[in-house]
Amino acid sequence: MTTTTIEPVRTQVRVNASPERAFQAFTDMSAWWPLDSHHIGEAAAAEAVIERRDGGRWYERGDDGTECEWGRVLVYEPPARLVLVWQIGADWKHHPELHTEVEVTFTPDGDGTLVALEHRDLEAFGDAGPSMRETFGSPGGWSGLLERFAANL
């Protein structure tokens, strides 16, 4: 069986904050993540949570207290790097066997920080990989999310 490689989605934004501040703000997702439109639970999302440690959970909590897994923290290296395992399938439900990676780096850039994001291993989506890449690469995907992050920093 031949597996087709799908080019990762890459985007970046420069923020006027130190790497420490940018990293902290990024991992405080509820402050900038569009919970009204980017959630998978049945209840309205109240918060998006990244547990700040290797092996931590990445999930949303609904306004009714229910939790929906998004993935987990693979690498937690403040203030330089964060790698998250994305486990939301093309059906926008949690799939514990799915493993794609979202790596975010925070690089000093003059008096600010370059925040670069790469979502890779999109082949794991199987036949849906190309359409998921298109979704993640669209303005409603990672580039728009990073712009929203920068605007709320």
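Two strands pair if DSSP finds at least two bridges between them. Helices (H or I, at least four residues) and strands (E, at least two) are DSSP runs, numbered from the N terminus. With those terms in hand, let's look at the structure.

This is a predicted model, in which local features need pLDDT of at least 70, side-chain atom pairs count only at pLDDT 80 or more, and totals for chains, interfaces and linings use all residues. Residues are numbered from 1 along each chain as its sequence is written, and side-chain values use heavy atoms, with hydrogens and water left out.

**The sheet**

Seven strands make an open sheet in the order E1-E7-E6-E5-E4-E3-E2, with antiparallel pairing. Strand E1 (9–15) and E2 stand at the edges with a single partner strand each, so one side of each has no neighbour in the sheet. From one strand to the next, the twist averages 20°; axes are lines fitted to C-alpha atoms, for helices over the stretch in contact, and angles run from 0 to 180 degrees between N-to-C directions.

Helix H3 packs on this sheet, touching E1, E3, E5, E6 and E7, and its direction makes about 15° with that of E1. Contact here means heavy atoms within 4.5 Å.

| Strands | Bridges | Residues between | Turn glycine |
|---|---|---|---|
| E3 and E4 (67–77) | 5 | 4 | Gly65, positive phi of about 90° |

In the second pairing, Glu60 stands opposite Cys68 in E4.

**The largest pocket**

How much space lies in the largest pocket? It holds about 260 Å³. On a 1 Å grid over the protein atoms alone, a pocket is an open set of points where a 1.4 Å probe fits, with protein on both sides within 12 Å along at least five of seven lines; lining residues have an atom within 4 Å of a point. Grid points are joined across faces, edges and corners, and a volume is the space filled by probe spheres set on the points.

The pocket is lined by 16 residues, and Trp33, His38, Trp86, Trp92 and Phe136 are the closest to its centre. Helix H2 (129–137) and helix H3 (142–151) each supply at least two residues of the lining.
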